[in-house]
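Please look over the sequence and the structure below before reading on.

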Amino acid sequence: MNTIEAIKGRRSIRRYKTNVTVPREHMKQILEAAMMAPSACNTRPWEFVVVESRQVKEQIMRAMPYTQMLQTAPAAIVVCGRPKVQELVCPGFWPQDCGAAVENMLLAAKELGYGTCWCGCYPLEKRVEEMQRILEVTSIPLAVVAIGEADEAPEARGFFDEARVKYL
Ligand SMILES: Cc1cc2nc3c(=O)[nH]c(=O)nc-3n(C[C@H](O)[C@H](O)[C@H](O)COP(=O)(O)O)c2cc1C
């Protein structure tokens, strides 16, 4: 699968095969893709929490109501921002940096045959605080990415709209 195919074929997956786990080797490849993302001043202001524990997934579902796909997803990766590491050189870019890391993860997972769903946490303060408590981190949980083998196949679609583009 080439990159354009992965981009065009990716959809958010909200139902997963419960009998298939994501092996550590694949998890590592996905995390490596995340950490290959570009970042402002190459500060890489992120860290990742891999969640496989049923108990922690239950806690996340309570803190973030739109993450119910974690009922079936074997794993989730929480992407957390570390604003302090770029404070002196290029403050404020961390949400963009972490967003790039998330998208790299979605595409790497697609290439490896997994489905994903990006679930937003930051900038909702209450969700961020709850998630910091659950994950025992001081970094800022930006997104929860559910991951696993898809048990649904939403059709690929495209939203290209020439009217949204201006050529100068
Ligand atoms: C910042 C962000 C937050 C999102 N949060 C959620 C979420 O909490 N729960 C969910 O089921 N999907 C979430 N999504 C997925 C979007 O609903 C989905 O990407 C969009 O509807 C387009 O569908 P597609 O991903 O299948 O192309 C989120 C996506 C983004 C980029």
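Which residues of the largest nonpolar core touch the most other members? They are Ala76, Val79, Met105, Val144, Val145, Ala146 and Ile147, out of 42 residues in that core. The model is a predicted one: local features need pLDDT of at least 70, side-chain atom pairs count only at pLDDT 80 or more, and totals for chains, interfaces and linings use all residues. Residues are numbered from 1 along each chain as its sequence is written.

**The nonpolar core**

- A nonpolar core is a set of buried Ala, Val, Leu, Ile, Met, Phe, Trp, Tyr and Cys residues joined through C-beta atoms within 7 Å.
- A residue is buried if 20 or more other C-beta atoms lie within 10 Å of its own, exposed if 12 or fewer, and partly exposed in between, with C-beta atoms placed from the backbone.
- At least two residues of this core come from each of α2, β1, α3, β2 (75-81), α4 (94-111), β3, α5 and β4.
- These labels follow DSSP runs numbered from the N terminus, where helices are H or I with at least four residues and strands are E with at least two.
- Helix α4 gives the largest share of the core, eight residues.
- In soluble globular proteins, nonpolar side chains tend to be buried together.

**Strand β4 and its partners**

- Strands β2 and β4 pair in the antiparallel sense over seven bridges; two strands pair if DSSP finds at least two bridges between them.
- Ala76 has Ala146 as its bridge partner in β4.
- Strand β3 also pairs with β4 in the antiparallel sense, over six bridges, and Thr116 stands opposite Ile147 in β4.
- Beyond its neighbours within four places in sequence, Ile147 is in contact with Val22, Ala73, Ala75, Ala76, Ile77, Ala109, Tyr114 and Thr116; contact requires the C-beta atoms of two residues, placed from the backbone, to lie within 7 Å.

**Helix α5**

- Arg127, Met131 and Ile134 are the buried residues of helix α5 (residues 125-135).
- Seen down the axis of α5, these buried residues fall within an arc of 60°, so they line one face of the helix; the arc is that of the directions from the helix axis to the C-beta atoms.
- An α-helix has 3.6 residues a turn, so residues three or four places apart point the same way.
- The cover over the buried residues of α5 includes α3 (54-63) and β4 (140-148).
- On the other side of α5, Glu125, Lys126 and Arg133 are exposed.

**Around the ligand**

- Arg11, Ser12, Arg14, Tyr66, Cys117, Trp118, Cys119 and Gly120 surround the ligand; a residue counts as near it if its C-beta atom, placed from the backbone, lies within 6 Å.
- This shell divides into four nonpolar, two polar and two charged residues. Here Ala, Val, Leu, Ile, Met, Phe, Trp, Tyr, Cys and Pro count as nonpolar, Asp, Glu, Lys and Arg as charged, and the others, Gly among them, as polar.
- Cys117 is in strand β3 (residues 115-120) and counts as buried because it has 24 C-beta neighbours inside 10 Å.
- Leaving aside neighbours within four places in sequence, Cys117 is in contact with Ser12, Ile13, Arg14, Met69 and Ala146.
- Arg11 lies in the loop between α1 (3-9) and α2, and is partly exposed because 17 other C-beta atoms lie within 10 Å.
- The C-alpha atoms of Arg11 and Ala156 are 6.6 Å apart, although the two residues are 145 residues apart in sequence.

**Backbone details**

- The peptide bond from Tyr122 to Pro123 is cis, with omega near 15°, and Pro123 sits in the loop between β3 and α5.
- Cys41 is not a glycine, yet it has a positive phi of about 55°.
- Cys41 belongs to the loop between α2 (24-35) and β1 (46-51), and is partly exposed because 13 other C-beta atoms lie within 10 Å.
- Glu136 follows α5 and has a positive phi near 55°.
- Glu136 lies in the loop between α5 and β4 and counts as exposed because it has 7 C-beta neighbours inside 10 Å.
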